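Please keep the sequence and the model in view while reading.

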Amino acid sequence: MGTVDMKHVEVKSFDKPDETRMFEGKGMADVVMAGGRPVARGTFEPGWRWSTNVKPIAGTESCEVSHLGYCMQGRMRIHMDDGSEQEITTGEIFAIPPGHDAEVIGDEACVLFDFGEVGAYAKPR
């Protein structure tokens, strides 16, 4: 990353993302760069699961990205590699460490804003 000029206000919109990363079906992530950091809005359709729809792109056994974000809509269940599980739902803020799988719960799309380490999320290694 280059230097960021923080003397000026920077405003971005997901209506014009810097990048769109399509999953292997059932969703996508729009990414904008703000303050020199990527911010993602992930739209995960009903039936989406990381191990089915992103694992083929990432090429890892589980998601190795750290996520810090906000659930705008829907529900998602996180399956940690240690066997523990946690559900995220509308209005909640989350911090997910690397080493997990995830799946959408129910028949509503899940929309998450992610301020974590999303620079390489859903990009081929």
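A122 lies in the segment after β9; helices (H or I, at least four residues) and strands (E, at least two) are DSSP runs, numbered from the N terminus. The model is predicted, so local features need pLDDT of at least 70 and side-chain atom pairs count only at pLDDT 80 or more, while totals for chains, interfaces and linings use all residues. Residues are numbered from 1 along each chain as its sequence is written, and side-chain values use heavy atoms, with hydrogens and water left out.

The phi of A122 is near 60°, a positive value in a residue other than glycine. Most residues other than glycine have a negative phi. A122 counts as buried because its relative accessibility is 9%; buried means under 20% relative accessible area, exposed over 50%, and partly exposed in between (1.4 Å probe, protein chains only). A positive phi, near 65°, is also found at K26, which sits in the loop between β1 (19–22) and β2. K26 is partly exposed, at 38% relative accessibility.

Strand β8 (residues 100–104) is mostly covered, with five of its five residues buried. H100, A102 and V104 point one way from β8, and D101 and E103 point the other way. In a regular strand the side chains alternate between the two faces of the sheet. β8 pairs with strand β5 (residues 75–80) in the antiparallel sense over five bridges; strands pair if DSSP finds at least two bridges between them. In this pairing, M76 stands opposite V104 in β8.

M76 also belongs to the largest nonpolar core, where F23, F44, W48, M76 and Y121 touch the most other members among 24 residues. Such a core is a set of buried Ala, Val, Leu, Ile, Met, Phe, Trp, Tyr and Cys residues joined through side-chain atoms within 4.5 Å. At least two residues of this core come from each of β2 (27–34), β3 (37–44), β5, β7 (93–96), β8 and β9. Not counting residues up to four places away in sequence, the contacts of M76 (heavy atoms within 4.5 Å) include F44, W48, A102, V104 and L112.

Strand β4 (residues 67–73) gives the largest share of the patch, three residues. F115 is in the segment after β9 (110–114) and is partly exposed, at 42% relative accessible area.
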